[in-house]
Amino acid sequence: MTIIDDMAKEILGELEAARASAMGGLFSNMCDAIEDGFPWDGEIYQIDDVSTSRMVTVLGELRSGATDAHGGFWITSSNLKVDMDSSEVTSLLEGAISFRLDIDQRYLTQRDKLSMATTVDEISEIGIDF
């Protein structure tokens with residue numbers, strides 16, 4: 001082994017450690033953003049995978065003409081039942097789904113940037129906050 005090989009291993013180790021740390025922070029921050037929920041009309045609504053899936057289903061039913069796909073209410077993150085008509089639920093669901101998709105897209109974009117970074121400095125310049 002040459003001195004250059006030793007230096008390459010040391011640099012690669014530092015690079016991969018920085019990448020792993022940033023990836024972990026990015027994932028943790030994404031999970032926190034999802035856990036924080038979606039603020040709408042003074043309330044917070046869940047946007048975890050199960051909740052978002054239900055939102056997509058109900059929004060699809062509303063858009064296809066169902067008149068009461070939501071039962072006349074939606075439940076907040078604190079389990080408060082908020083009475084809403086179909087147009088209010090549609091606005092809530094469109095906003096919440098868009099909000100969640102923005103979180104997901106930010107995660108994917110920043111993850112790809114971290115994967116492609118070639119130096120520790122590049123990694124440190126990639127934002128991992130939401």
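Reader: Where do Glu-16 and Arg-19 sit relative to each other in helix α1?

Author: Glu-16 and Arg-19 are 3 residues apart in helix α1 (residues 3-36), so about one helical turn separates them. Helices here are DSSP runs of H or I with at least four residues, strands are runs of E with at least two, and both are numbered from the N terminus. This is a predicted model, in which local features need pLDDT of at least 70 and side-chain atom pairs count only at pLDDT 80 or more, while totals for chains, interfaces and linings use all residues. Residues are numbered from 1 along each chain as its sequence is written, and side-chain values use heavy atoms, with hydrogens and water left out.

Reader: And what do Glu-16 and Arg-19 form, with which atoms 3.1 Å apart?

Author: They form a salt bridge, and the 3.1 Å is the distance between the closest N and O atoms. The term stands for a side-chain nitrogen of Lys or Arg within 4 Å of a carboxyl oxygen of Asp or Glu. In general, side chains of opposite charge can pair when their charged atoms come close.

Reader: Is Arg-19 buried or exposed?

Author: Arg-19 counts as buried because its relative accessibility is 11%, whereas Glu-16, at 36%, is partly exposed. With a 1.4 Å probe and protein chains only, buried means under 20% relative accessible area, exposed means over 50%, and partly exposed lies in between.

Reader: How many salt bridges are there by this rule?

Author: The count comes to 5 salt bridges. Among them, Asp-104 and Arg-100 meet through their side chains at 2.9 Å, N to O, and these two residues lie 4 residues apart in helix α3, about one turn of the helix. Arg-100 is buried at 8% relative accessibility, while Asp-104 is partly exposed at 23%. Another salt bridge pairs the side chains of Arg-111 and Asp-112, at 3.3 Å from N to O. Salt bridges that share partners also join Asp-49, Arg-100 and Asp-104 into one network.

Reader: Changing topic, where is Gln-110?

Author: Gln-110 is placed in helix α3, which covers residues 86-116, and its relative accessibility of 5% is why it counts as buried.

Reader: Which residues is Gln-110 in contact with, leaving aside neighbours within four places in sequence?

Author: Gln-110 is in contact with Leu-26, Ile-126 and Gly-127, where contact means heavy atoms within 4.5 Å. For Gly-127, the backbone oxygen lies 2.8 Å from a polar atom of the Gln-110 side chain.

Key: A polar contact is a pair of N or O atoms within 3.5 Å; within protein, one must be able to donate a hydrogen and the other to accept it, and residues adjacent in sequence count only if both atoms are side-chain atoms.
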